[in-house]
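Please keep the sequence and the coordinates in view while reading.

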Amino acid sequence: DGAVGPASTLVRKSMGDTLHSQPAAIVYGGTSGNLDVVVYTATNDGYLHAIDANTGAELWSFIPQELLGDLGELYFDNAINYKHYGIDGDIVPVVGDKNENGTIEPGTDFVYLVFGMRRGGSNYYAIDVTDKDNPKLKWIESRPDMGQSWSPAVVAKVDVPGVNADKAVLVIGGGYDTVHDQPSMPTAPDNEGAAIYMLDLHTGAELWSAGRPTMNVDLKHPDMNRSFPSRIRVLDISGDGLADRMYAMDVGGQMWRFDIFNGSQPSSLRRPDRG
């Protein structure tokens with residue numbers, strides 16, 4: 001499902017651009033004067049890089065399988081009339097330091113990196129980097145009705161049947177439909193991205209979704225007809241540690257509110273409202 005390789009012994013001569021992708025820095029431990037930090041950054045030549053923050057040395061890199069076919073074209077560097085995109089989405093770190101001692105301890109704690117492709121594709125990836133020197137592909141999420149995976153994953157806790165013991169989930173928008181690259185608003189509903197998803201953090205399994213009546217989702221609404229490429233705002237209003245409400249904006253200018261009823265089945269988890 002991708003390629004992971006050790007850093008080359010040769011000096012790296014080039015590196016792709018990080019046009020839209022926000023990097024992430026993870027503190028694995030160390031002392032106040034000598035922290036063990038790794039910076040993870042994604043580039044539009046298709047790489048996720050792990051870089052030792054103290055030395056600047058690359059520890060390893062990962063290339064999603066869907067981007068491996070681009071490497072030949074990039075190597076020959078022929079002139080093209082368009083921008084090449086690889087991993088263009090934000091790197092969202094999820095750190096589970098169970099005893100909150102500031103040190104990542106494999107077997108007890110966990111560190112995941114979750115990212116979408118943005119202009120580079122429609123998949124979401126989760127990489128387990130609990131052991132900074134031994135990354136593992138955790139899961140890939142992709143659906144036919146997803147658009148380009150622009151929406152940065154938002155970490156939240158909910159109490160729903162089937163969720164993991166940590167009650168940890170990811171909330172993402174359905175993505176961007178490239179029909180909106182044109183200046184006029186299409187009269188037909190968007191074919192891609194007109195949905196919202198809640199995924200299990202550890203497995204990537206879908207726990208709940210909302211979208212148009214023609215989609216295979218838990219909550220169907222006839223006016224969810226435009227794609228959701230932006231970050232979903234998730235709130236814990238009651239202060240009990242569980243998410244209570246979500247706000248989302250689609251490209252048609254509609255703002256949606258979803259109330260979360262913890263303890264409910266996914267089919268009745270939300271009550272939609274829009275403005």
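In which sense do strand S13 and S14 pair, and over how many bridges? In this predicted model, strand S13, residues 206–211, pairs with S14 in the parallel sense, over 2 bridges. Gly 211 has Lys 220 of S14 as its bridge partner.

The two strands belong to an open sheet of 5 strands, ordered S10-S11-S12-S13-S14, in which the pairing is mixed. Strand S10 (154–157) and strand S14 (219–220) stand at its edges; each has a single partner strand, so one side of each is left without a neighbour in the sheet.

A further open sheet consists of 4 strands in the order S6-S7-S8-S9, and here the pairing is antiparallel. Its edge strands are S6 (91–96) and S9 (136–141), each of which pairs on one side only. From one strand to the next, the twist averages 20°. S6 and strand S7 (residues 110–116) are joined in the antiparallel sense over 6 bridges, and Val 92 has Val 114 in S7 as its bridge partner.

The discussion now turns to charged side chains. The model contains 11 salt bridges. One of them joins Asp 88 to Arg 118, with the closest N and O atoms 3.5 Å apart. This pair links distant parts of the chain: Asp 88 lies in the loop between helix H1 (71–76) and S6, Arg 118 lies in the loop between S7 and strand S8 (124–128), and the two are 30 residues apart. Asp 88 counts as buried because its relative accessibility is 0%; Arg 118, at 16%, also counts as buried because the cut-off is under 20%.

Asp 166, in the loop between S10 and strand S11 (168–173), and Lys 98, in the loop between S6 and S7, are 68 residues apart. Asp 166 is partly exposed, with a relative accessible area of 25%, and Lys 98 is partly exposed at 45%.

In the salt bridge between Arg 226 and Asp 190, the closest N and O atoms are 2.9 Å apart. Arg 226 is located in the loop between S14 and strand S15 (233–235), and Asp 190 in the loop between S11 and strand S12 (195–200), 36 residues apart. Both residues of this pair, Arg 226 and Asp 190, are buried. Elsewhere, a network of salt bridges links Arg 143, Asp 145 and Glu 206.

Tyr 75 and Phe 76 form an edge-to-face pair, with 5.3 Å from centre to centre and 85° between the planes; Tyr 75 and Phe 76 are both exposed. Phe 115 and Tyr 125 are stacked, at 5.6 Å centre to centre and with 15° between the planes. Phe 115 in strand S7 and Tyr 125 in strand S8 are 10 residues apart. Phe 115 is buried, with a relative accessible area of 1%, and Tyr 125 counts as buried at 2%. Ring pairs link Phe 115 and Tyr 125 with Phe 62 into a cluster. Finally, Lys 83 lies over the face of Tyr 85, at 5.0 Å from the ring centre.

Definitions and conventions. Residues are numbered from 1 along each chain as its sequence is written. This is a predicted model: local features need pLDDT of at least 70, side-chain atom pairs count only at pLDDT 80 or more; totals for chains, interfaces and linings use all residues. Side-chain values use heavy atoms; hydrogens and water are left out. Two strands pair if DSSP finds at least two bridges between them. Axes are lines fitted to C-alpha atoms, for helices over the stretch in contact, and angles run from 0 to 180 degrees between N-to-C directions. A salt bridge is a side-chain nitrogen of Lys or Arg within 4 Å of a carboxyl oxygen of Asp or Glu. Buried means under 20% relative accessible area, exposed over 50%, partly exposed in between (1.4 Å probe, protein chains only). Rings of Phe, Tyr and Trp (its six-membered ring) pair if their centres lie within 6.5 Å; planes under 30 degrees apart count as stacked, over 60 as edge-to-face and the rest as tilted. A charge sits over a ring if NZ of Lys or CZ of Arg is within 6 Å of the ring centre and within 35 degrees of the ring normal.
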